[in-house]
Amino acid sequence: MTTLRAGGATDVGQARSTNEDQLLVAHPLFAVADGMGGHAAGEVASLTAIEALMVAFDGNPSSEGLIDAVRDANRAVWEQGRERSELRGMGTTMTAVALIEEGGEEVLAIANVGDSRAYLLRDGMLDQLTHDHSVPEELRRAGQLSQEEAEADPRRHVLTRVLGVEPEVEVDSFHLVPYKGDRLLLASDGLFTEITDAEIASVLRRRVRPDRVAKQLVQLANEAGGSDNITVVVIDVTDDDDRAARASATVKTEAVTAMPRPLPTAGGDSSDPDTEELPRTVLTGGAPPPVAAGPVAETGGTEPAEPVQPARARRLTFSTVAFVSILVLLMASAAAAVVVYARSSYFVGVQGGQVAIFQGRPGGLLWFEPTLEERTELRVSDVLPSTADVLRRGKDEPSLAQARRYVGNIRQEAFRAAGNQPQPSPLPPPTTVPAPAPLP
Ligand code: MG
């Protein structure tokens, strides 16, 4: 059974008089919401959305249930805004994560609207999982702005999608297979506009409790200026039902069957299927051969000079041992390089008629079969025929984030081809968030 441990922190920041953010830590459901609107409207929007999310998800704790719960939250905020004139135009972001069971497997379902973010720290690497629904970010994804231009763009507070402004909303959603040691971060923009991803990663890498990590992040954002409300939820995967160990065992078994001779492996199970093969293999293969031949030196000082023949035989043995060791080391290094190459890339392909993201190489590499990372809701029959051909062959991408970006692009492509209004270029009309009020 997958187990999680989570904690959160929220703070008004240094410049605002009210905290319009909300967080939810209610296993197996976690969320942040960043409300917006005049007077108290922002607070009402985020609180209304979180409450509606909880109630709806409780009634249907599934992947579809999470998406529906975000839609319910949208409608709840929208209806309140319609009923009470002082709340008109209020809205909120929503980034939610839930541990659910899908097809007999436990997965983390993630849903997002707006510019609050979900990040994943895995093997020490921080990856932003969600897309911001803001004007510059949509332009960047359409290739019209560079990363640097998007980050510096004054419209970054102008959101293209948010809960509560329209009766219906499009929800981004995807799955993540949780591995023990994974650390998820949900955050409102008050965190990542104040401190860099590198600073965030450095705090997340510290092995301390999620609630303490959340507090540290909030504190850093405050020290950096705290120009907005800051909200953080940190979720640790503390157990994964041996999913990581099983994945690692599968890789080892396949390696042993496929190789002419077994690879030298250190004892003990890996808890990490992705990265531990390299150091382990190299270390074992590198056990220094001269030690194995040590008796030559040890006996030299205490015993009478040995006859020429045995000494030569021993040197021969030493040479053979050294040669074999080096050979094994070379093979192990080559195998390790293959492991890294096979496991460090992603591709977008097709599974069961749906567009899916795999880890590995299309068609596999030696004994490494690609593994399913995420299945999207996009059907291959909905994409352009030329794109479908590319997908059937497998479209290589250097990272998970870039694979997701590619899926986003073909989704837009399919959407336009179906005769719908193009999005995001030209952009859908910005719906919310005027730039923040001038600081006092
Ligand atoms: Mg904010």
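# Reading helix contacts and a metal site

Student: Which residues of helix 6 meet helix 7?

Tutor: Contact means heavy atoms within 4.5 Å. On the helix 6 side you'll find Ile200, Val203 and Leu204, and they meet Val213, Gln216, Leu217 and Leu220 in helix 7. By class, that's six nonpolar, one polar and no charged residues (nonpolar: Ala, Val, Leu, Ile, Met, Phe, Trp, Tyr, Cys and Pro; charged: Asp, Glu, Lys and Arg; polar: the others, Gly among them).

Student: What should I know about the model before going on?

Tutor: This is a predicted model, where local features need pLDDT of at least 70, side-chain atom pairs count only at pLDDT 80 or more, and totals for chains, interfaces and linings use all residues. Residues are numbered from 1 along each chain as its sequence is written, and side-chain values use heavy atoms, leaving out hydrogens and water. The protein has 14 helices and 15 strands, which are DSSP runs numbered from the N terminus (helices H or I, at least four residues; strands E, at least two).

Student: At what angle do helix 6 and helix 7 cross?

Tutor: Axes are lines fitted to C-alpha atoms, for helices over the stretch in contact, with angles from 0 to 180 degrees between N-to-C directions. Helix 6 (residues 197–204) and helix 7 cross at roughly 150 degrees, their axes coming within 10 Å. That makes helix 6 roughly antiparallel to helix 7 (over 145 degrees; under 35 is roughly parallel, 65 to 115 roughly perpendicular, the rest oblique).

Student: How do helix 13 and helix 14 cross?

Tutor: The axes of helix 13 (residues 385–393) and helix 14 (residues 400–417) cross at roughly 155 degrees and come within 11 Å, so this pair is roughly antiparallel. Thr387, Val390 and Leu391 in helix 13 meet Tyr406, Ile410 and Glu413 in helix 14. That contact has four nonpolar, one polar and one charged residues.

Student: Which residues hold the magnesium ion's protein donors?

Tutor: Donors are N, O and S atoms within 2.8 Å of the metal (3.2 Å for Na, K and Ca); water isn't among the atoms, so sites may look incomplete. Here Asp34, Asp189 and Asp228 each give an OD donor, 2.1 to 2.3 Å from the magnesium ion.

Student: Are Asp34 and Asp228 buried or exposed?

Tutor: Both Asp34 and Asp228 are buried (under 20% relative accessible area; exposed is over 50%, partly exposed in between, with a 1.4 Å probe and protein chains only). Buried residues make up 46% of the 440 in the protein. Ser146, in the loop between helix 3 (135–141) and helix 4 (147–152), is partly exposed at 28%.
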